[in-house]
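Hello,

Here is the structure I promised to pass on to you. Have it open while you read, and my notes will follow below.

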Amino acid sequence: MCTTDVEIGGTVQADGWNRGSSVRSRSTTDDLGAKVLLSAVKHVETVGLSLGVSQELIDQICSDAGVSAKQFAQVWSSPDAFMADLFCELANQAQIDRADTETLLTTWQYLSMRTDDLHTLEGRRSVLNDIIRTAAEYNFEVITASSKWRTYAALSTTIVAWPEGPARTRVLDALQASELSFVETMESFYRNVLPTVGYRLKPMFHNDYQPFVVAAASVIEGLGIVRATVPALVEAHFDGSSAGADGNADEQAQEDSWSVSALAFMGVVDAFIEPDPHFVPTEAISRLSSGVDVTPPSPEADAAY
């Protein structure tokens with residue numbers, strides 16, 4: 001959690017306390033703070049986020065945590081100080097739901113089953129389409145439906161209403177850290193996957209994946225917010241196919257059905273990436289066989305374009 005200066009009974013402790021007692025006091029207040037924050041996070045995930053906090057709500061949260069009002073005052077000197085720490089904790093926890101390395105591992109396994117398609121431009125485009133469609137729909141349905149992400153989205157807009165000051169700055173710093181952690185994880189994902197299926201960033205982006213990551217995430221998360229008001233529009237699907245060779249149009253349509261989130265995501269992808277004219281299928285297939293390289297290629301490796 002984001003730490004605050006500890007005041008006990010509203011008075012900052014004097015310098016004359018012996019060091020051992022100070023350490024024990026800090027440990028105790030940290031434990032109490034952790035209990036209250038855990039209770040508060042559960043409350044937010046149940047009823048949602050609000051900008052202010054009443055004494056009645058603090059009493060309820062403390063009661064649920066088994067912490068008295070006097071103990072609460074040992075950790076936080078005011079409700080605003082408590083809210084700042086709670087907001088920081090919510091921002092930190094949002095990292096869990098927004099990105100994970102399992103997505104890269106799952107995609108890598110999928111690519112290992114599509115190696116034959118990497119030999120042709122049409123095949124590589126088909127693989128890219130399937131990856132993007134699956135990733136977009138997964139992110140939209142799972143991530144934006146999670147309580148942690150909803151809280152993160154609400155917090156990102158709520159904090160701007162706070163007055164300027166140290167507390168607001170700390171929360172914004174925590175949100176920034178969460179965002180940068182997400183960008184770093186997804187940057188590693190795209191640096192591994194896109195070159196493996198024969199695509200690269202367009203030269204204008206100078207091998208910087210971060211604008212692409214932010215743009216793609218904004219599409220998914222923006223649709224997640226809009227879904228609350230116009231779910232029928234956001235959750236619509238469209239048939240991007242014609243009948244297959246056997247004439248089974250229904251089966252083919254089901255396979256090529258695109259959601260709004262997947263179509264919007266693909267629009268961002270096509271704006272940022274292009275086929276790599278130097279792609280060597282055998283090298284990509286060999287790389288797939290050797291396992292995941294989670295270290296992104298250096299900019300120097302792509303300087304040729």
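Arg-168 sits in helix α8 (helices are DSSP runs of H or I with at least four residues, strands are E runs of at least two, and both are numbered from the N terminus). Arg-168 is buried, with a relative accessible area of 13% (buried means under 20%, exposed over 50%, partly exposed in between, using a 1.4 Å probe and protein chains only). Not counting residues up to four places away in sequence, Arg-168 touches Ile-159, Val-160, Trp-162 and Pro-163 (contact means heavy atoms within 4.5 Å).

Please keep in mind that this is a predicted model: local features need pLDDT of at least 70, and side-chain atom pairs count only at pLDDT 80 or more, while totals for chains, interfaces and linings use all residues. Residues are numbered from 1 along each chain as its sequence is written, and side-chain values use heavy atoms, leaving out hydrogens and water.

Now for the cores. The largest nonpolar core has 39 residues (a core is a set of buried Ala, Val, Leu, Ile, Met, Phe, Trp, Tyr and Cys residues joined through side-chain atoms within 4.5 Å). Among those with the most contacts inside this core are Leu-128, Tyr-190 and Phe-265. Elements that each supply at least two of its residues include α6, α8 and α12. Apart from this core lies another, of 32 residues, with Leu-32 and Leu-175 among them.

What is Tyr-190 in contact with, leaving aside its neighbours within four places in sequence? The partners are Pro-195, Tyr-209, Phe-212, Val-213, Ala-216 and Phe-265.

Happy exploring!
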